[in-house]
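Please look over the sequence and the model before reading on.

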Amino acid sequence: MSSPTLVTSGPAVVASGAEDVSWSQWRLIWAKFRSHKLAVVSIWLLGAFYLIALFAQFLAPYGPWQPSPYAYAPPTRVHFFFNGRFVGPMVYRVKIQSNPATFERDFVIDKSQPVRVHWFVRGAGYRWLGLIPSDFHLFGVGAAAQINLMGADILGRDCFSRDLIATQISLTVGLIGVFITFVLGCLIGGASGYYGGVVDNVVQRFMEFVTCLPTVPMWMALGAAIPASWSNLKVYFTITVILALRSWTGLSRQVRSKLLEMREEDFVVAARVAGATDWGIILRHLLPGFASYLIVNLTVEIPRMILGETTLSFFGLGLRPPTVSWGVLLQDAQNLAAISSYPWLMFPALMVVVCVLAFNFLGDGLRDAADPFKE
Amino acid sequence: MDNRVSRRSFLQCATAASLVTISSLPGGAEQYAHAQAEPPTARKPGGKYREAPMLAARVAAGKLPPVEERLPAVPFVRHVAQIGRYGGTLYDQAESPGGRFHLDGALIVAAQETDNGGRIIRPHLCDSVTVTPDFHAYTFHIREGLKWSDGVDLTAYDVLWWWWNEARNPTIFPEGPRTFKVGDEYAEFTQLDRLTFRIGFREPFRPCLNLSASEYMAFGSYFGQPAHWMKQYHAAFNPDADKIARQHGFAAWYQYYMMLRDYMHPVINKPHVAPWVRVASTTTHDIYERNPYFFEVDQEGNQLPYIDRLYVQVVEDERLQEARRSTGSVSEGICDMSQISIFTKNAPRGHYSIRHWRLADGSECMFAFNLNHKDPVKRKVYNDLRFRQALSYAIDRRRINQTLYFGQAKEWQATISPTVSYFDPAWINCCAQYDPGKANQLLDEVGLARVSGEPFRLGIDGQRFVSVVVFNKQNFPDELLEFVRQDWAQAGIEVVMKETDFRYREWLCRAGNQDCTCWNGDMVEEIAAYLPWVTKWNPQEVLFYAVDWWLWYYSQGKSGVKPPQDWIEQFDRMAAWYSAKSDAEYEQLGHGVWDFFSKQLVCIGTVGYAPQPVVVADGLENVPQNVHMGYGTMWAKSYFVQTYYWDTPERHG
């Protein structure tokens, strides 16, 4: 790995035919990153996702658990013209005709009267960021009609609102575990590989011990040990942290072997001679040296975490209703009726796909950017 | 064996019962350990019965005796709506080879028969059942000439052999059976003559009459076994039994025996008395073929069943099973309410129609709070009747019904079925109306205070008051729990619905460590409600709401916790009820027992008797229009699948 040495050698990148310009490492990375168009789009997309997560309750017209009689209502169509005249966004009232003979519901649209969509309306109360009480919503139609942009589920809850609010948990809680794994893996593996000798020996044996802990019995024990009155979310958060405390070993071993190889390189010796501290060398010179690998590792872990949210449910540890997350919403969509009759229940799948792809493209772009001299 | 008791009950029986000459005195295990089955007696042919072409061909080839000789002297005559046509195949599916399938109730054949309301209607395998007036002893007479599916006579010997060599065999059942046991005392089984056996109890035990019509007396499965066949696998009769078991991959004879015992295992050619017997069991399918010796005929003398065979496809995946049902791959099957739209859509292409049956569950899901909670605060609250009443008032049953059941379920309190003789309509209305105002008022009275600005009430000690409902995945939709959670939250009661592993829930509850648990409220029919270990209201089964009290009562105060006086009276009443000596006493005490259970709201119900759409293949006839399906009505047993027939059997081969 030679890029960090090139940074110090300055004139390696010279604008052709112009005066000597020495670009900083970050500027090089940014230039490289910008040339990766998909990665740029992805970072905007992810930014949008996180904005949605931040303001989900405000953007959603309804509360995530607010039931209505409109069970399995199809997506509401928003019209702009009434009787040929532009009136702005509006919806029609829908009447439910429930047929007990066939167990079917017909939704009859009453086109006699438009119901305007209003902006900044008061609706279901919520606490923004769990702190600030509010009941403002970006849009709404009041009690006169129903606006389900993505249809409704079996309890008549608005799927659009639920999809938005689900981003909050899916894009935050799960990722904390990934972050912990990453930090622990880099630090412990880094120390082990850099110092070698006794430190390495102790760390490696400890790591092997942690790897040996059997997961399934551990989950079962946790399932019994975690207080039953904890909310789903709290349980899930705890579990992801505990899992992270166990799963750093894989990454840390990879970091260690890489560092064992790199610590003898000239630039490390040079840094040491120049008086850099051990941790300075590890964090500033060694880890960035194979950042591309770490980034790939990270971007693979994130989708795994999002998709795996509900896998531990059978131990009572995963996310389950009434918690609203993508994984939970998708569990509702895993049946034939959803595919044939209520396809809007599968919308979170699209969000997961977009989000996971965005993370991967972002990772791809970052990997390229972390190694700016590679063609 | 206590001879004194047996002699006494024998005398009681002899004086009271209006039955038979007694040919053998009561004996012990020894008598049945090594005795041989008596030789079958010759029997004169009955007359003009007709049989399926499939069997007629075998008779013509000399492989089978004629139908008159195969049927009992007096066959059971079943009146069918339409006389059927012979032939064809019924299609069904199971999760594993030899496993349970939708129509498997048809394979239950007990001494007596019940109707779809779970009431005894007539003797079935036995042609007479008599009881001593004090309900000490029951005498059963097996239909003369009734045969196992291999042609060997079914006699009282099979019952006695089963009792001593299987049920009471400590190697097979170390704990012994609990069905024929009152207190610590086993019933006494006695063979009176070749076809007559008697079950005697030291204490009067009325539920035995109900047992005789339940799965607990299903011949060839949980009751009388084909002794001549089972002996080959029993170490006491065959020294090579262990070797045979090892050849089949079992470590010991009793393990293999256990598998052969219950009919719902992948065993072929075990003699049975059901309309169909399993003739093939592979990893992909089971085939059941008509039992040539089945003892029923229709009113015109045609031997039942009409349909030649059952083809049960093994489909492990639940969703795939559903997909197959929705495409018409089964002849009859249930459809999930939430998936009904696919079934309706596919009906013409899948060549089936949808019938609207009902589940026989008095409550789709009922909640029982732990009255013996270890935490004094929770114990005090849960024991407060007003708390349970409030939670019942807080449930908006109309909303649950409209949203999940299209308004077709009953918005009733959890209690026994209205078909039961001592039923009281007051029970289904007890606190079943939605009244949030009343709920709040009652909760205030209990002392669960509301703090302004907080969504949930605090406990009587001023601390957070949260109750965890542990549950296993059941047939009811998960959304039902969400509705109840919301309704209780509205009343200020914080509840966490926690799905757990099946065994974990039981382990937790047996130790009395749960706050609340829920289960479906089935077994509410006359028979099931009377079997002490079957009813869901039993304090230490399934819902485990008063394990310590029950323990105290049954250990006579040696362990457990002393229940309050009204509960001691209830336990006394239950004990008296199970030994009721007259119909009047039975009904009066039954009313008392269920009045207490229902009004105490030990089980808080939601909605009951939910609609259950069922797909029925086009061309399948004699399928009833209205059925209550469930464990309490023994599923398909109560609607007589043996009378089904195809209008064009040749097209359903």
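**Chain B as a whole**

The model is predicted. Chain B contains 22 helices and 24 strands. The extent of its C-alpha trace along the principal axes is about 90 × 70 × 50 Å. A compact globule of 653 residues would have a radius of gyration near 26 Å, and because chain B has 26 Å, its value agrees with that expectation. Of the 653 residues of chain B, 52% count as buried.

**An open sheet**

One sheet of chain B is open and has 4 strands, arranged in the order 17-20-18-19 with mixed pairing. Strand 17 (363-369) and strand 19 of chain B form the edges, each pairing on one side only. On average, and with direction ignored, neighbouring strands of this sheet are turned by 30° against each other. Within the sheet, strand 18 of chain B pairs with strand 20 (residues 516-521) of chain B in the parallel sense. In this region B:V470 is placed opposite B:T517 of strand 20 of chain B. As a general rule, side chains in a regular strand alternate between the two faces of the sheet.

**Strand 21 and its partners**

Strand 21 (residues 611-617) of chain B pairs in the antiparallel sense with strand 15 (residues 332-334) of chain B. Here B:E332 has B:V616 as its bridge partner in strand 21 of chain B. Strand 21 of chain B also runs antiparallel to strand 16 (residues 352-359) of chain B. In that pairing B:R358 has B:P611 of strand 21 of chain B as its bridge partner.

| Strand pair (chain B) | Sense | Bridges |
|---|---|---|
| Strand 15 and strand 21 | antiparallel | 3 bridges |
| Strand 16 and strand 21 | antiparallel | 7 bridges |
| Strand 18 and strand 20 | parallel | 2 bridges |

**Contacts with chain A**

How many residues of chain B are in contact with chain A? There are 28 residues of chain B in contact with 22 residues of chain A. On the side of chain B that touches chain A, at least two residues each come from helix 10 (318-326), helix 11 (340-350), strand 18 (466-471), helix 17 (478-490) and strand 19 (494-499) of chain B. By class, this side of chain B comprises 9 nonpolar, 10 polar and 9 charged residues. Strand 18 and strand 19 of chain B, which contribute to this side, also belong to the open sheet described above.

Definitions and conventions:
Residues are numbered from 1 along each chain as its sequence is written. Chains are lettered from A and ligands numbered from 1 in the order in which they are written. This is a predicted model: local features need pLDDT of at least 70, side-chain atom pairs count only at pLDDT 80 or more; totals for chains, interfaces and linings use all residues. Two residues are in contact if their C-beta atoms, placed from the backbone, lie within 7 Å. Ala, Val, Leu, Ile, Met, Phe, Trp, Tyr, Cys and Pro count as nonpolar, Asp, Glu, Lys and Arg as charged, and the others, Gly among them, as polar. Two strands pair if DSSP finds at least two bridges between them. The radius of gyration is taken over C-alpha atoms; the globule rule is 2.2 Å times the number of residues to the power 0.38. A residue is buried if 20 or more other C-beta atoms lie within 10 Å of its own, exposed if 12 or fewer, and partly exposed in between; C-beta atoms are placed from the backbone. Axes are lines fitted to C-alpha atoms, for helices over the stretch in contact, and angles run from 0 to 180 degrees between N-to-C directions.
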